[in-house]
Amino acid sequence: MTSTLIPATHKNLNAPTIHQLANGLTIIAEHLPVEAVNLSIWLNVGSALESQSINGMAHFLEHIIFKGTPKLPSGEFERRVEQQGAVMNAATSQDYTNFYITTAPKDFAQLAPLQWEVLLNPSIADEAFERERSVVLEEIRRSHDNLNRRCYRRAIETAFEKLPYRRPVLGPAEIISQLTPQQMRDFHRTWYQPTSMTATVVGNLPVAELIDIVTDSFTETYNQKDSEISPLPPNICELTPELPFTEIVRHEVVDDTLQQARLIMVWRVPGLTELHETYALDVLATILSRGKTSRLVRDLREERGLVYSIGVSNMSYRHQGVFYISARLSQENLAEVETAIAQHIRNIQQESVTAAEIQRIRTLVANRFIFANETPSDRANLYGYYQSMMGDLVPALNYPQHIQALDAVDIQQAASKYLSTDAYGVVTFLPKP
């Protein structure tokens, strides 16, 4: 077992300790003088590593995790958590699954073992499986009824032709309907093991005590597992990024629930495997759409009134990213707005950005980093995300420095390299006539 103190890199704001257990579990701990403790457990398992035949399994399993173990009947974990005034929840994405619990410091040693029990020893009983299948199928149905999710899904299907990021995290109803409890047991046995886990724990207890509680509760529960651990499938996560678009790829969707048209433009850009390439794209997204003084908001909404809203995101999945521009607008403005967005990108490529814009970004990033470090759950999520996704905590702490080191030339080069105005994906969503 080894421990490493990661030195603070932003005005002494962060000083987490990384502790590695012999069985492969990574623990990240930090004392924060706030009267709470957050334990956040991150697993390197999401919908991207599923085969097509079990698409949706990771999310379905996230539900089943809370439906009882040989030691804890269904509902008992939630009852004990609520009895202590603690909170818990979970989420599944394309690249990871995350479970967390936030407790009072005095209750942490009592509740941490329960979190590990439900995570490592779910019963996955047939009856509970069938009951929860109905819940998941209803969640899928509601997602189809959600206009924003429908638009996003169609845009992501345009952004990725082959990578599994194009598939829904929830999975299709027809696949969920055919999954079996034994398939889920096999999936859990394969992926819910220490080499795939990062446990981040932050709160008002000494670091050594936080590490000891997590280590002892995990080790005791892990050593009592009934089933043998399966080896991780080799190279299953080695996905190859798709090539950039070579032309403008257009799709049109007519949706009878729409009141206004929508325009979404997407570019394939680097993901977290090329983290150094993502910083300038993050800045570009902010310059284009964050705040009333940003370029697209000021021009297209505030001055010309061509859109009702417009936003830009640089979405970084593990193996590839998507630069994503979305606008709500009147149908008659679609062509003009698309042309205007492309022109704004060309302006940055040809004329670069101003010193005032650079300074605004530096201030925003520094403040956001501070604001995102205020609570135990904020820090646990920051550490868990980067350690789980990248196997390295330093980029999480150095992010402000990387952003503030960028200059106008870096941003101009990123726009020229990744945001072709002659090759991208575009989806227009039209109200039914």
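Residues are termed buried under 20% relative accessible area, exposed over 50%, and partly exposed in between, with a 1.4 Å probe and protein chains only. The structure described here is a predicted model, in which local features need pLDDT of at least 70 and side-chain atom pairs count only at pLDDT 80 or more, while totals for chains, interfaces and linings use all residues. Residues are numbered from 1 along each chain as its sequence is written, and side-chain values use heavy atoms, with hydrogens and water left out.

Salt bridges were assigned where a side-chain nitrogen of Lys or Arg lies within 4 Å of a carboxyl oxygen of Asp or Glu. The count by this rule comes to 22 salt bridges. One of them joins the side chains of Glu-157 and Arg-154, with an N to O distance of 3.9 Å. Because these two residues are three apart in helix H5 (residues 147-159), about one helical turn separates Glu-157 from Arg-154. Helices (H or I, at least four residues) and strands (E, at least two) are DSSP runs, numbered from the N terminus. Both partners are partly exposed: Glu-157 has a relative accessible area of 26%, and Arg-154 has one of 27%.

A salt bridge also links the side chains of Glu-303 and Arg-298 at 3.8 Å, N to O. Here Glu-303 counts as exposed, at 55% relative accessibility, whereas Arg-298 is partly exposed at 35%. The side chains of Arg-304 and Asp-299 form a further salt bridge, with an N to O distance of 3.0 Å. Arg-304 is partly exposed, with a relative accessible area of 40%, but Asp-299 is buried at 13%.

The side chain of Arg-133, a residue of helix H4 (residues 126-145), reaches the backbone oxygen of Leu-179 at 3.0 Å. Arg-133 is buried, since its relative accessibility is 9%. Gln-320 is likewise placed in the buried class, with a relative accessible area of 3%. This residue, Gln-320, lies in the loop between strand S10 (307-316) and strand S11 (321-329), and a polar atom of its side chain is 2.8 Å from the backbone oxygen of Glu-242.

Ile-124, although not a glycine, has a phi of about 50 degrees; Ile-124 is in the loop between helix H3 (108-120) and H4 and is buried at 3% relative accessible area. Ser-352, also not a glycine, has a phi of about 65 degrees. The loop between helix H11 (334-351) and helix H12 (355-371) holds Ser-352, which counts as buried at 12% relative accessibility.

Ala-405 belongs to helix H14 (residues 394-405) and is exposed, with a relative accessible area of 58%. Between Ala-405 and Trp-116 there are 289 residues of separation in sequence and 41 Å in space, C-alpha to C-alpha.

Note on methods:
Polar contact = N/O pair within 3.5 Å; in protein donor to acceptor, adjacent residues only side chain to side chain.
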